[in-house]
Amino acid sequence: PEHQAAFSSGRPALSDVYRHSVSGAPSIALSVPVQRDGRVRWVLSARLNTQTLSQLLADQAVAPGLVAAILDRRMTLIARSRDHAAYVGKPATADLRAAAADHAKGTAELSTLDGMR
């Protein structure tokens, strides 16, 4: 689906989180259109392991006691700065879903899936 979106829109497209059919690892797919003479001719796609994105979050020096997260369009956790493996692929909390619906990015004081405020 994301490769078709990239082909028709001419813009990069990102999938929701899914389990890779061979490895079973939580993954996302990134598809990037390749244009020739002003038209999309091909689409390059790559599978990204969500652990890589979690490591990127961890590298951001998130303050102790805080959690950074990346959500897909379905409000499912793609990556998390703490205890990534335990929560990837799970739906975000109701308060996080509500906050994300109001703002595409930012900070908020919410409860985490592991019950921390």
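This is a predicted model: local features need pLDDT of at least 70, side-chain atom pairs count only at pLDDT 80 or more; totals for chains, interfaces and linings use all residues.
Close-up 1. The C-alpha atom of Asp59 is separated by 20 Å from that of Thr112, a residue 53 positions apart from Asp59 along the chain.

Close-up 2. Asp16 and Arg73 meet through their side chains in a salt bridge, with an N to O distance of 3.5 Å. Because Asp16 lies in the loop between β1 and β2 (18-19) and Arg73 in the loop between β5 and β6 (77-80), the pair ties together parts that are 57 residues apart in sequence. Asp16 counts as buried, at 18% relative accessibility, whereas Arg73 is exposed, with a relative accessible area of 60%. A salt bridge also joins the side chains of Arg74 and Asp16, at 3.7 Å from N to O. Arg74 lies in the loop between β5 and β6, and Asp16 in the loop between β1 and β2, so this pair ties together parts that are 58 residues apart in sequence.

Close-up 3. Asp72 forms a salt bridge with Arg74, in which the closest N and O atoms are 3.4 Å apart. Asp72 is buried, with a relative accessible area of 6%, while Arg74, at 48% relative accessibility, counts as partly exposed. Asp16, Asp72, Arg73 and Arg74 are linked in a network of salt bridges, and the structure holds five salt bridges.

Close-up 4. Leu14, Leu30, Val32, Leu44 and Leu48 make a nonpolar surface patch of about 380 Å². The elements that give two or more residues to this patch are β3 (26-36) and β4 (39-49). Leu14, one of the patch residues, is found in strand β1 (residues 13-14) and counts as partly exposed, at 38% relative accessibility.

**Close-up 5. Arg80 over the ring of Tyr87.** The charged end of Arg80 sits over the ring of Tyr87, at 4.3 Å from the ring centre. The count of aromatic pairs in the model comes to zero.

**Close-up 6. Confidence along the chain.** The chain has a mean pLDDT of 88, and 100% of its residues reach 70 or more. Confidence is lowest in helix α4 (residues 94-102), where the mean is 86, and highest in β3, at 94.

Terms used: Residues are numbered from 1 along each chain as its sequence is written. Side-chain values use heavy atoms; hydrogens and water are left out. Rings of Phe, Tyr and Trp (its six-membered ring) pair if their centres lie within 6.5 Å; planes under 30 degrees apart count as stacked, over 60 as edge-to-face and the rest as tilted. A charge sits over a ring if NZ of Lys or CZ of Arg is within 6 Å of the ring centre and within 35 degrees of the ring normal. Patches are made of residues with over 30% relative accessible area and no salt bridge: like charges are joined within 9 Å, nonpolar side chains (Val, Leu, Ile, Met, Phe, Trp, Tyr) within 5 Å. Accessible areas come from the Shrake-Rupley method with a 1.4 Å probe; for residues, only the protein chains shown count as cover. A salt bridge is a side-chain nitrogen of Lys or Arg within 4 Å of a carboxyl oxygen of Asp or Glu. Helices (H or I, at least four residues) and strands (E, at least two) are DSSP runs, numbered from the N terminus. Buried means under 20% relative accessible area, exposed over 50%, partly exposed in between (1.4 Å probe, protein chains only). pLDDT is the predictor's confidence in each residue, from 0 to 100.
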